[in-house]
Amino acid sequence: MKFKYIISGLLMSAILLPACVEVDEINRQNGVGAQQLKVTGYLVNDYKPEIPSVIDQENGIITVQVPYYISDTERIMGDITQMKLEAQMPTGYSFSPSLEGIHDLSAGYKTNLVDDKGNATPFTIVAEPTYSTVAKILSGKLTENERVPVVIREPQSEDKNGTFVILRISSTVDEILNSVSVSFSPWSTFECTGYDEETGLFDFTAMPQITVVAQDGVTKTVYDVKYENPAILDQGVGYISSLFGIQFYTDNEYGMTAGNHSTLAVIDDYVIISNHSNVSDMIILDRYTGKKVEGVKVNTTGMPTDREFRAICHDDANHLIAVSFTCSVNFVTDPNVRLFIWKDGIQNPPTSVLWANINGGYFSAGSAWASREMFYNINCRGDVTQGDAVIASCSLQSYRCWLMQLKDGKTNGNCFVEYAGGMVSMWSSSNCAPTTNKPPYGYVWHTGNFRAQVVYCPEGTGSRAFDLTKPTSHIWGSNTHGVDYIEFNGCRLVAFSDGNDSSGATGSQRLYVADLGASPSATALTDGFIFDSRQGNKNGLDDIPGTGPYVTGMTSSASFESGKTVLGTNFAGINRAMGDVKFARDPNGNAVQVYMLTPDHGLIAYELTRFDI
């Protein structure tokens, strides 16, 4: 049971006598000793918190104001026949009889306040159940999207109303103002034209007023409902919130099977998760809530049904991209790489953009690296339907990044195999994130193995790659997986997944986000650190909702729900564990979402905004 005292009566603070004032001088000041008295009551069966009193010096009555109901939620009254008392008095003063022991204050307890000269002033101490005078809105939330911030502002003066402010963080908020949950101070009532008694929810579409009436029936506070645009930061990241966290179980409602889902893309309002064994049955979730979307499927007309499309992603213009997994080492697949682009939305057939043999021709630039295992994962920069774009990936046991160049929706020249040099060990890497959409290319990539390196290659030529130092306080450092990059509100954001065991197969994974800054250096991850999903930001867990050791804060092979079994082991290929991280720009331009997928373990999502909240 939760208890919270809600009465704030007239408190009379005990004031210690200044050293320069004599006691007899005080006695001449019309009973000042009594004016400096403070009496506090306590219920025997609930000793804290203290209950204040009101002192009527003229009539000699001290009234302990016991809350009418001492519970926030149940009609429980305090037992005023069983109370303890404490007093603060000037030096030399005392009560006779004393206040020690347990008292029945329903009938009143008679005593005398005796000053330091022996003069006695009679008082009767009584307890009185008192109605609360608190009339406040405590909190509110939009039930269809709890990530929408609500700000409650109390009246600043008697002639001003308070405000219940809903912040318009996206245009989608317009459509859900009719389903708002509001909580009020205990035992108060309210008046509002937008309230639905059947659902217990408010419709604030018309921006009504809310009048909160305290338990005493007299004290009232009026709040104006307002819909405001948040303050915007000129540069940087402002309000950060958790969107959702999902753990994949063997009895999952998404239709997932172990070993079949390793990459993701964000298109329109959807998060799309790959399906290796059946490309026509990709998983579709709501990008803001993580809930399964019914009635929407990706149109895969014309795509080969005998190929695995492990690698999907989106471009900068909201187009879905898929590339067939192709291997000539460890085991052999069809040697032809197939690249498809959905130029007209996911519910229309895709366009085949590339059909090329991995062993030569279009891929001849990589002939020195004959052993290839490609397209576990891809990232894109640019618009794949017009202008310049590049699709990036890596090959197992290759120190190079493979870049497929496009121009106006068609491949442009051969696949470009780039090696930036420097301190690079990318033996198990599955992807890299390009930072430019045309040469000279810049990109970020990761080892994908126990070396746990994140490497930055600025645009240019020659040996220029360097390790990005990771803060040990926010990185386990045993394994890195998916990585992505986006430019947002003057920031150059990079995100990657970080695992806590060297194999990356069973260990927990957390999401790390940093701003590389205008001129990234080796310390950019540390200097530009924004948050990680396991430990929050530099100031700790409390600053970012949804961070911490639970399903919204990290993925794990250990079940977060009693009785459930996690779908499988995060292991999607030879010598490597898998993972995908993707940024997605919100349509209104004021936010980006970032998603971390750990195959067979789970999916977590956060939102970073320009809002100065």
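Me: What makes strand 10 and strand 11 a pair?
Reply: Two strands pair if DSSP finds at least two bridges between them. Strand 10 (residues 150-153) and strand 11 are joined by 4 bridges in the antiparallel sense, so they meet the rule of at least two. Arginine 153 stands opposite threonine 163 in strand 11. Strands here are DSSP runs of E with at least two residues, numbered from the N terminus. The model is predicted: local features need pLDDT of at least 70 and side-chain atom pairs count only at pLDDT 80 or more, while totals for chains, interfaces and linings use all residues. Residues are numbered from 1 along each chain as its sequence is written, and side-chain values use heavy atoms, with hydrogens and water left out.

Me: Why is strand 11 called largely enclosed?
Reply: Buried means under 20% relative accessible area, exposed means over 50%, and partly exposed lies in between (1.4 Å probe, protein chains only). In strand 11 (residues 162-167), 6 of the 6 residues are buried, so the rest of the structure largely encloses the strand. Gly162, Phe164 and Ile166 point one way, Thr163, Val165 and Leu167 the other way, and all are buried. In a regular strand the side chains alternate between the two faces of the sheet.

Me: What makes strand 34 and strand 37 edge strands?
Reply: An open sheet of 4 strands has the order 34-35-36-37, with antiparallel pairing. Strand 34 (432-434) and strand 37 (466-467) each have a single partner strand, so one side of each lacks a neighbour in the sheet. Strand 34 pairs with strand 35 (residues 443-446) over 3 bridges, and alanine 433 has valine 444 as its bridge partner. In the loop between these two strands is proline 440, and the peptide bond to it from proline 439 is cis, with omega near -5°.

Me: Why is the contact of arginine 381 with glutamate 487 called a salt bridge?
Reply: A salt bridge is a side-chain nitrogen of Lys or Arg within 4 Å of a carboxyl oxygen of Asp or Glu. For arginine 381 and glutamate 487 the closest N and O atoms are 3.0 Å apart, so the pair qualifies. Arginine 381 is in strand 29 (residues 379-382) and glutamate 487 in strand 38 (residues 479-488), 106 residues apart. By this rule the count comes to 13 salt bridges.

Me: Which of these two residues is buried, and which is partly exposed?
Reply: Arginine 381 has 13% relative accessibility and counts as buried. Glutamate 487 has a relative accessible area of 35%, so this residue is partly exposed.

Me: How do you know that arginine 307 and aspartate 334 form a salt bridge?
Reply: Their side chains meet at 3.9 Å, N to O, so they fall under the definition. Arginine 307 is buried, at 7% relative accessible area, whereas aspartate 334, at 32%, is partly exposed.

Me: Why is asparagine 489 called buried?
Reply: The relative accessible area of asparagine 489 is 16%, so the residue falls into the buried class. Asparagine 489 is found in the loop between strand 38 and strand 39 (491-499). Its phi is near 50°, a positive value in a residue other than glycine.
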